[in-house]
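Student: I have a structure to go through with you. Could we work through its packing and its loops one topic at a time?
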Amino acid sequence: MDRLTRTLSSVFTYAFLGIMAFLSIFPFIWMILGATNNSNDIITGKIGIGSALIDNIRAFAAAVDVPLVFWNSIKIALISTALTLIVASLAGYGFEVFRSKYRERVYNGILLTLMVPFAALMIPLFIMMGKLGLIDTHWAVILPTIGSAFVIFYFRQSTKAFPSELRDAARVDGLKEWQIFLLIYVPVMRSTYAAAFIIVFMASWNNYLWPLIVLQSNEMKTITLVVSSLASAYYPDFGAVMVSAILATLPTLLVFFVMQRQFVQGMTGSIK
Amino acid sequence: MASANRSLNRYFDINGWFFVAPAALLIGVFMVYPILYSLWMSFQTGKGMMTQFGGLANIRRLFDDPMFMLALYNTMIFFIVQVPVMLTLALFLASLLDNPNLKFRGLIRTAIFLPCVSSLVGYAVLFKSMFVQDGLINSTLLALHITSQPIPWMTDPFWARVLIIIAITWRWTGYNMIFFLAALQNIDKSIYEASRIDGVPSWGRFFYLTVPMLKPVILFTTVTSTIGTLQLFDEVRNIMTSDAGSAAGPSNSALTLSVYIYNLTFKFVPSFGYAATVSYVIVLAVALLAVIQFYALREKD
């Protein structure tokens, strides 16, 4: 009897996990199959490989300047990620290594901004960008994302594991503080940077609401905006939409598979 | 000696501010200033750039605005239903995957995690294509005899909300599961041995041993999911609206506060002051819920 219940529960476990894994992956398969089918086959739920792939790519390329849009996304994501990592690692290091009463207050204030919903920032930010003449430029997308409380928090938590002996030895050797940071901290914390890179890159790549507001001309738009506008047409060409969705998913999927370990480590590292 | 000490302190302090300054400056300009600006704006009335001080007029307007009430109601429904469903599922999956003897463990974990690597807008669009009236989901449900009629995902208010909840749950369950899994793997397994010897059934072990030890992670995932759900925008806009209109789902059944703020600012004649007031409703809701969740889940010393 005991063996029976154990077998049953293990059958249930595998069946349940199997179904969950299938449901999780299925939309990706649907996306790839969809790219080979025409719009009508897609919205009538055809599963299978069709022959419309070339037509779909053509329709997508006819609707938007694909290389430009892809380049816009890559450029924005890389620049914001690089700047975010520089600013946040400096701050995380500074808050952890040079502790003082006033800096601790600033830090707590920064953590409080984690709770500020973007909806409450977007109107003032839009007006500010208008005054700065940055509407419809990529800087308008990049600037507000650089100061990220979450990434600062992440770097401060990770800095706790940075051995203070290294710092003390370098000070005895006469290195300035910025040299210690640049020559010792940065190389030692490589894996922290890698994990933060993935998180910030993905967030920036997926950013939708803010670019939707500030990027208005077609030459400035990102792939995310293009997918959205293709799909919200009155009669969307779902074949072209699928091709665009693949293009929007590819970079983050690639980053994930190449750096899977750092990714999971990076996501969970900050809460240990 | 005292002066040497003081100059060392000064050196320390200057360096401290040097490292922290860029971040503090950016957050000051792009977070703190805008949030205060929008507080000030919430007391302004008028259209476009022609505004004047309106006192509490915007707050009164909230209560007379059925559209705002609907957006608030929808957002709260999404929050109350979706967050517990998703976190329970994530915790359940994590506890199944915490078993080191499980076959294909890494593969299953990666599969369930994969949705949160997908493009936000991309997945919303995929869901839109799967849930259309004669689409994949309905034809599958009909073929399996789960329903006898196609489900009106896009045209019925109730089902439109269900669709949004299914979509967000698909996207974020694996993300939360990873946090639970990491926390479970940090638990010292020997405490389970003791309770097994004492004859505690496995569900009892789960509720009385595992869940209390996971409280910090549950708090973390609850607060981040709450913040995410209260700001829901991408999915609603990409599954439920078209470029031409401003309605979010059938009879605005999926209209959320963020979508409403967007409409007030960029779709209708801009009413910045009132939109800022609505945005402060989200600020207050997030703050209130975070405090409640913090006290409900805090460690009892």
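Predicted model: local features only at pLDDT ≥ 70, side-chain atom pairs only at ≥ 80, totals over all residues.

Student: How many of the residues of helix α12 of chain B are buried?
Tutor: Of the 11 residues of helix α12 (residues 257–267) of chain B, 9 are buried, so the helix is largely enclosed by the rest of the structure.

Student: And which ones are they, in α12(B)?
Tutor: The buried residues in α12(B) are B:Leu257, B:Ser258, B:Val259, B:Tyr260, B:Ile261, B:Tyr262, B:Asn263, B:Leu264 and B:Thr265.

Student: What does B:Tyr274 touch, leaving out residues up to four places away in sequence?
Tutor: B:Tyr274 touches B:Asn58, B:Arg61 and B:Leu264. The residue B:Leu264 is one of the buried residues of α12(B), while B:Tyr274 itself is found in helix α13 of chain B.

Student: Is B:Tyr274 buried or exposed?
Tutor: B:Tyr274 is buried, with 27 other C-beta atoms within 10 Å.

Student: What about B:Asn252, what phi does that have?
Tutor: B:Asn252 also has a positive phi, of about 55 degrees, and is not a glycine. B:Asn252 is found in the loop between α11 and α12 of chain B.

Student: Is B:Asn252 buried or exposed?
Tutor: B:Asn252 is buried, with 22 other C-beta atoms within 10 Å. B:Ser251, by contrast, is partly exposed, with 13 other C-beta atoms within 10 Å.

Student: Where are the domains of chain B?
Tutor: Chain B is divided into domain 1 (2–41) and domain 2 (60–297). The C-alpha centres of domain 1 and domain 2 of chain B lie 36 Å apart.

Student: Let us turn to the interface. How many residues of chain A are in contact with chain B?
Tutor: There are 70 residues of chain A in contact with 73 residues of chain B. On the side of chain A that touches chain B, the largest share, 11 residues, comes from helix α1 (residues 2–34) of chain A. By class, that side of chain A has 51 nonpolar, 17 polar and 2 charged residues.

Student: Next, chain A. At what angle do helix α4 and helix α7 of chain A pack?
Tutor: Helix α4 (residues 66–97) and helix α7 (residues 138–146) of chain A pack at an angle of about 30 degrees, with their axes 9 Å apart. That makes α4(A) roughly parallel to α7(A). The crossing of α4(A) past α7(A) is right-handed.

Student: Which residues of α4(A) and α7(A) meet?
Tutor: From α4(A), the residues are A:Asn72, A:Lys75, A:Ile76, A:Ile79, A:Ser80, A:Leu83, A:Thr84 and A:Val87, and they meet A:His138, A:Val141, A:Ile142, A:Thr145 and A:Ile146 in α7(A). By class, the contact of α4(A) with α7(A) has 7 nonpolar, 5 polar and 1 charged residues.

Student: How many residues of α7(A) are buried?
Tutor: In α7(A), 7 of the 9 residues are buried, so the helix is largely enclosed by the rest of the structure. Among them are A:Val141, A:Ile142, A:Thr145 and A:Ile146, which also meet α4(A).

Student: One last pair. At roughly what angle do the axes of α13(A) and α14(A) cross?
Tutor: The axes of α13(A) and α14(A) cross at roughly 160 degrees and come within 9 Å. The two helices α13(A) and α14(A) are therefore roughly antiparallel to each other, and their crossing is left-handed. By class, the contact of α13(A) with α14(A) has 10 nonpolar, 2 polar and no charged residues.

Student: Where does A:Ala233 lie?
Tutor: A:Ala233 lies in the loop between α13 (223–231) and α14 (238–258) of chain A. A:Ala233 is partly exposed, with 14 other C-beta atoms within 10 Å.

Terms used: Residues numbered from 1 in each chain as written. Chains lettered and ligands numbered in written order. Axes fitted to C-alpha atoms, helices over the stretch in contact; angles between N-to-C directions. Helix = DSSP H or I, 4+ residues; strand = E, 2+ residues; numbered from the N terminus. Parallel < 35°, antiparallel > 145°, perpendicular 65-115°, else oblique. Left-handed = near helix turned anticlockwise from the far one by under 90°. Contact = placed C-beta atoms within 7 Å. Nonpolar A, V, L, I, M, F, W, Y, C, P; charged D, E, K, R; others polar. Domains from an automatic or database assignment. Buried ≥ 20, exposed ≤ 12 C-beta atoms within 10 Å, placed from the backbone.
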